[in-house]
Amino acid sequence: MTSISSSSAASAASGSTASASTTRTDSLLPEGSEHLASQESADAHHDARLFGLATFLVADGMTFAGFFAAYLTFRAVNPLPEGSTYELELLLPTINTVLLLVSSFTFHRAGQACRADQLSKARSWLLVTGGLGLAFLAGQMVEYFTLPFGLTDNLFASTFYALTGFHGLHVTLGAICIGIVALQTRPGGAISASSHFGLEAAELYWHFVDGIWVVLYGILYLL
Amino acid sequence: MTVATPRELEPQLQEPLQPAGWLRYFSFSLDHKVIGLQYLVCGFFFYLVGGLLAGAIRTELATPLSDFMPRDTYNEVLTLHGTVMIFLWIVPVVNGAFGNYLIPFYVGARDMAFPRLNAVAFWMIPPAGLLLISSYFLAGAAAQSGWTAYPPLSLTTPAAGQIVWILSVLLLGGSSIFGAVNFIATVLKLRRPGLKLMQLPMYCWAMLGTSLLVVLSTPVLAGVLILLSFDIIAHTGFFNPALGGNVVVYQHLFWFYSHPAVYIMVLPAFGLVSEILPVHSRKPLFGYTTMVYSIMAIVFLGLIVWAHHMFTSGTPPWMRLFFTIATSFIAVPTGIKFFNWLATLWGGKIALNSAMLFSCGFILNFVFGGITGITLAQVPFDIHVHDTYYVVGHFHYIVYGGTVFVIFASLYHWYPKFTGRLLNEDLGRLHFVLTFIGFNLCFLPQHWLGLNGMPRRVAEYDPTFSTLNQVSSVGALIMAISTLPLLINVVVTALYGTPAGDNPWNALTPEWLTTSPPPVENWSGEAPLVTEPYGYGQHQPAGPSSHPLTPAA
Amino acid sequence: MQIRTAVTTALAATALIATGMLVGTQVNLLPVDASSNAAAYDSLFKVLFSIGTMLFAGILIVLVYSLVRFRRRAGDGADGPPTEGNLPLEIVWTAIPAVVVLFIGIYSYDIYERMGGMAPLDHDAMHHQASAMIEASVQPAASQAIGEDQASGERLWGGIRPIDGDVLPVDVTAMQFAFIFHYPEGEITSGELHVPLGRPVELRMKALDVIHAFWVPQFRLKQDVIPGQPTVLTFTPTRAGTYPVICAELCGPYHGGMRTSVVVHEPDDYLAWVQANSPAITNT
């Protein structure tokens, strides 16, 4: 294997003390360990990047879980004085929820198109998704400006802005990723039918953000 | 799933732009072995910083009056001491240093799953640490509300220092999470073909469990610190009673992380000890399967016991009871591990070298700390000793007497692999004796002090406690002195050390089946398949071994 | 060989248990007990101390014995026996600790109950009306005048409150860096806590600024005093004397100096103290 012999040169260059020849390695092995016949299978490994991203998203989800726990505890234990709980308008957030759910579907379409080697179609779907995401953010801005309470008005207000704001940051980051991935679907870009980790990763992230929103919508607006 | 071809490994194999020699350790290296040693040395630097801070604390406490430094400075010192020791020494070293170095060897891989993420995770640490320490010199003072940063106190102390503290901890938590993602993926996805999960060395299981805890609990700390920073900067009222907030909610969220944090600090140490004891007693690790299940039990239970740190806060009676029972049960899987370690020693052929001395010291110290832990788990008992020096004694027996002793043991055990030289055994024994005596002298009296009326986090105390505090401070001084034989050992060994050979301990785990230090690709041939990492006693050599077992034996 | 091992183990275990109980019951590590629940606490302590000694001594002996008996002889390059486990043994040392831990848990539940820890905090429900919810969440503690009776039906957020009825109520206000005690019956305000021997005292506690904690080691009782979230601590003193009241939650630079005293008087002395400290009553 070319890579192995070049690594011997590299190890000499990197200053390791012992010379590493195959026979020397053999003499280090006590009886009981085995060699596998194939070098190839010993060196190759699965692409664990999506798995790593999924693990990271579990962690990210736990941050939201902490915020949700705080919100629910405050609600149960620190109720506001009568008359100061703000009824939230449901129309705009419901529209926003629909936008995000549709955008997950359009992202899924983009992935399908990419795997079918229809990159310009994939790009179109990506742009639609990004557009829906931006529309969501615009809706959020409109809601922020029309709400009767500010960040520091009371505990409910603060938690509301903290939760939706943190989520909004995630949407923004997702929209940026969609833009980058869309650029990469152009001819000569990094995304192709056979190699499209960027798109898969962005899609997983986007579904995660969507899922968080559904929970958030349920807890903040419906409960 | 796409399969990464060996070609994708070439960048780190060749590392054309990487400096050679010791400069490598100051570069953005992708090699897990370099990163592991970066974590180790960086962590040790912060250990010395934390130790200086401890020295300042014990100097102040040598007399009952607050006469060594201004009172708010003392609070800054104790805050920094705890924060530095936890986030910049112990968590990075038992996870990042030994984990990054050893796990790829143990799963039969050339590197971790995500080498670039690995380097990023390490390089978040020095700036975060320097940021934290620099806050001490900021106008307006460093954070001074303890490493627990309870509001409203943390909302009333100088804001700049507290915000810097929050930023630093967020960075360090992020680094920890990135590391955990890497460990989980490496253990679960990068195992060499033919290697089953239940054939992995125990340290892999310990790191898997620890990484699960990191992924599930560290983000909650991030969340609560973000909310705290909103309170400080934007004057929201999450934890400000004057604005309608609830300080107990902070405590719940904080401890949801910070209790698992203690397992994040201790589980890797359990794993490391499980590697060291079999080698130097020439016997298999006793009860492999039970050891795995006990790690998983500790992980699960560790997530549901946080409120035993809040027994005297405002929690309802039923909640206190639940957490007493759950916490008490952690003693069972933990106890199993200790009995299994003793059973590993029993009947073996024990070489009492420095690695073993520190491992045995660990067993004694941690059992003692574990016993005081069981007492603390009982609500009525804790009501008296919460927030006193009894607790300080307890957790130092766990983190220092436990984890730090294991770090030292691991140093003596794996130093030959890292560097190709053996550490001097005489200096090692001196290091052990001074550390063991100094440590017990420092922290044993603290239990009595707490039981009899000395609270935590104070610079002044009832003069009747003077004598024991002086004893404790002398112990701390001895601990400080004990660092010298270690430092001398490392320096002298670098210059004149005995070459170790590839496998000075005649061990069976994969890292010993290659050169010392190992080549960039870990093994010059393919990765060996070790299905029995603890297969001692099965294949007796015909005569005296060709490898020296202990140089001083 | 089996019988000898069994006998040795049995003898060792017996010696261990005996030593543990001896140390646990005879070695006194605690300050004097001065409240009714302190006696319960001290029994729990003795039990825990005994069990802890047995366990630690046992592990110490096994460890040291192993290090001596199974020390590797010079020149011996062979491995030890390939013992990988022993399921029956592991079951034993899982079951015994589980039983011990269960026993400790149940016993400390019993002690906790005897201390009054399981009693619900808001058991004078008739007071618990409209004011409770609103006050608890919005009331900034700073606006509460020290003299006001704090038992006006506010929600209690934590503490120990086993007794109703004939308690001596004392309002405790904690601030950086002092405790102020106010007696609603009699309108006495003092920097020291004075109580009569044998009568239950109910401390209703609030903080003005940051979290403090009220701790008397001789009573074995401690409770955080939390701004905006009133807490309660009830105790019955059983031994006359002066004991320290210590703040046990980091509250700022002078946390170490935040302490005062609780003076437990004989009943006559207490009346004298009340007389001497009551505000002057003007003649009609």
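Buried area is the accessible area (1.4 Å probe) that two parts lose on being put together, summed over both. The model shown here is predicted, with local features needing pLDDT of at least 70, side-chain atom pairs counting only at pLDDT 80 or more, and totals for chains, interfaces and linings using all residues. Residues are numbered from 1 along each chain as its sequence is written, chains are lettered from A in the order in which they are written, and side-chain values use heavy atoms, with hydrogens and water left out.

View 1. Look for B:Lys349, B:Pro380 and B:His384: they supply 8% of the area that chain B buries against chain C, more than any other three residues. Counting contact as heavy atoms within 4.5 Å, 92 residues of chain B and 83 residues of chain C take part.

**View 2. A salt bridge across the interface.** Here C:Asp79 pairs with B:Arg282, their closest N and O atoms lying 2.9 Å apart. A salt bridge puts a side-chain nitrogen of Lys or Arg within 4 Å of a carboxyl oxygen of Asp or Glu; the rule finds 2 of them between chain B and chain C. On the side of chain B that touches chain C are 47 nonpolar, 32 polar and 13 charged residues (Asp, Glu, Lys and Arg count as charged; Ala, Val, Leu, Ile, Met, Phe, Trp, Tyr, Cys and Pro as nonpolar; the others, Gly among them, as polar).

**View 3. A close look at B:Ser524.** B:Ser524 counts as buried because its relative accessibility is 10%, and buried means under 20% relative accessible area (1.4 Å probe, protein chains only). Its C-alpha atom is 7.7 Å from that of B:Thr514, 10 residues apart along the chain.

How values were computed. Buried < 20%, exposed > 50% of the residue type's maximum accessible area, 1.4 Å probe, protein only.
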